[in-house]
Amino acid sequence: MLMKCGRIKKLYIRILVVIFFAIWLIFYLKFFKLKLPTEIEEKVSRLAAKYEGTLEEYESKIIPGLGDDGEPAFLEGEDQAKGDESLKTFALNTVLSDRMPLNRKLRDPRNPRCKEFSYNPKLKASVIIIFYNELLSVVLRTIWSVILQTPNHLLQEIILVDDCSTTEPLKGLLDYYILTRLKNYNIRLVRLSSRMGLIRARLQGARVATGDVLVFLDSHCEATTQWLEPLLARIEEDKTAVLVPIIDVIEANTFAYSTNGETNFQVGGFSWSGHFTWIDIQKEEDKESMGPVRSPTMAGGLFAIDRNFFWDIGSYDEQMDGWGGENLEMSFRIWQCGGKLETVPCSRVGHVFRDFHPYSFPDNKDTHGINTARLVDVWMDDYKRFFYMFEPLLENNPVIGDLTHRKQLRQKLRCKSFKWYLDNIYPEKFILDENVFAYGQARNRKEYCLDDLQLGEGKMGPLGLYVCHPNLAMSQYFSISSKGELRKENFCAEVHNERTVQLTECHGHKKNQYWRYFTNGTIYHPSTNKCLTTFEVEPGKGLLVEKCKKSRYQLWEFTYVNHTAILDKKLSSNEINEYLK
Ligand SMILES: [Mn+2]
């Protein structure tokens, strides 16, 4: 009796399973529109009538071998002139891209040591590529490089997300190309019905991804030998590691693949104005070993992340519009909430760098500024004061939008403070008003102030004099650092030709960038034995140094001075020699 009951139960279970499966199949076919082979064939033949001719003509114009090994490529005659013209409109030589093979072969740019490592990852990647009005051949070259440089068993799928492009080739022709030229590969194309911007488009891509690891690539990249293996292997080791490859440069005019050499590379930093910057590797890191290197931030276009970790740690701030700021938001969040961000030097991907954005952004809003205000309010605690010196109009401005969800996320994940991040992850970041001798406006004769004379980010120029602004703005915000630098963020004052004073990249070795601020108000430059002066300097012009003497032109008054730390007398010659070593 007991046995019989058991058998009947088993039978029921089997019947239930069959019914359940049948229902599931019906639903799957109905709602997910499973395309039957004949349906696809019909679509292909319909599209072929329209696009096969165009595509064959395009393919016939490709010049074999052009741009091979990443060598600079050049066109001749009419194409050359057209190519140069396209650079002005698209910031890219579109004619050259169209003539260059889509599967061109690049040389292996890695450090030879990388070839000694063997990787055996079990994880599979979903490569997600977002595009908006990108040149078709550039998108296709990105796809082909991923296919050709990735072992089949590591590639779950390539997901293309079209952020509602308006250019014709990215529509039917791309569909047709995928269905014919790429039919042997698992490529999914998601079309967005309205323009959603980079951040929301990437989220759409991530939502449909099924691989263990998400790899985001810009739509103008070329992967190189074994680019994916070290990324997957590292994530297998540590699910909380978010990784960036070395990003090499593909020149927009010649498509030359250029690197900083096999050993040299930089990692990500940021400026207080809220921009991403490249910085040298932190001293204690061992870059020769070619292992993963800690990176305070990432550029954002190219990175790999465990798929579950991506969602657990808060994916993206969905209320960020358009483009910009999302990379710093993600960088700070990853570090502050228990993850890590690393550059993997044995993974290298080329990226086309353009001089300008060839297309506009929705509503022409300053999305970078607004997005950055969102992230500084959520993640930077009191340090947001520096950002708002650059962008005073964004402070407490409703245009930033509601931050409730992101602040809740920070609480839920029990994320650490921004001060923790600065102390532990980015200790070399210069904080304008911490651990300094003096900071703020430096006034001379009451009305004139030290001024950067609109020095752009990343450029050098004279340290100047200008009428003091009524409020402390960034252009007049200077510090005397604990190392004796007279500086603005990453720029330090140094003396040229024993006379003029230039703002240039801080080198951290004192010498020509070493200054002392004395209680008598002079700013003294030991290596020339001279003092900073405004004598014979007009407002708007660069400052000078001259022999130190009792002169009102040499007296400077900082807004904030650490009186106990600054020196009340001149240095002895021994002390000077000590600092000049
Ligand atoms: Mn890019």
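## One face of helix H6

The buried residues of H6 are Leu174, Tyr176 and Tyr177, where buried takes 20 or more other C-beta atoms within 10 Å of a residue's own, with C-beta atoms placed from the backbone. Look down the axis of H6 and these buried residues fall within an arc of 160 degrees, so they line one face of the helix; the arc is that of the directions from the helix axis to the C-beta atoms. They pack against H2 and helix H5 (136–149).

A quick word on the model: it is predicted, local features need pLDDT of at least 70, side-chain atom pairs count only at pLDDT 80 or more, and totals for chains, interfaces and linings use all residues. Residues are numbered from 1 along each chain as its sequence is written. Helices (H or I, at least four residues) and strands (E, at least two) are DSSP runs, numbered from the N terminus.

## How H2 meets H6

The axes of H2 (residues 37–60) and H6 (residues 172–180) come within 9 Å and cross at roughly 105 degrees. Axes here are lines fitted to C-alpha atoms, for helices over the stretch in contact, and angles run from 0 to 180 degrees between N-to-C directions. The two helices are therefore roughly perpendicular to each other, a label for angles of 65 to 115 degrees.

On the H2 side, the contact includes Lys43, Leu47 and Tyr51, and on the H6 side Leu173, Tyr176 and Tyr177 are among the residues. Contact needs C-beta atoms, placed from the backbone, within 7 Å.

## Leucine 450

Leucine 450 sits in strand E14 (residues 448–451). It counts as buried because it has 29 C-beta neighbours inside 10 Å.

Methods: Parallel < 35°, antiparallel > 145°, perpendicular 65-115°, else oblique. Contact = placed C-beta atoms within 7 Å. Buried ≥ 20, exposed ≤ 12 C-beta atoms within 10 Å, placed from the backbone.
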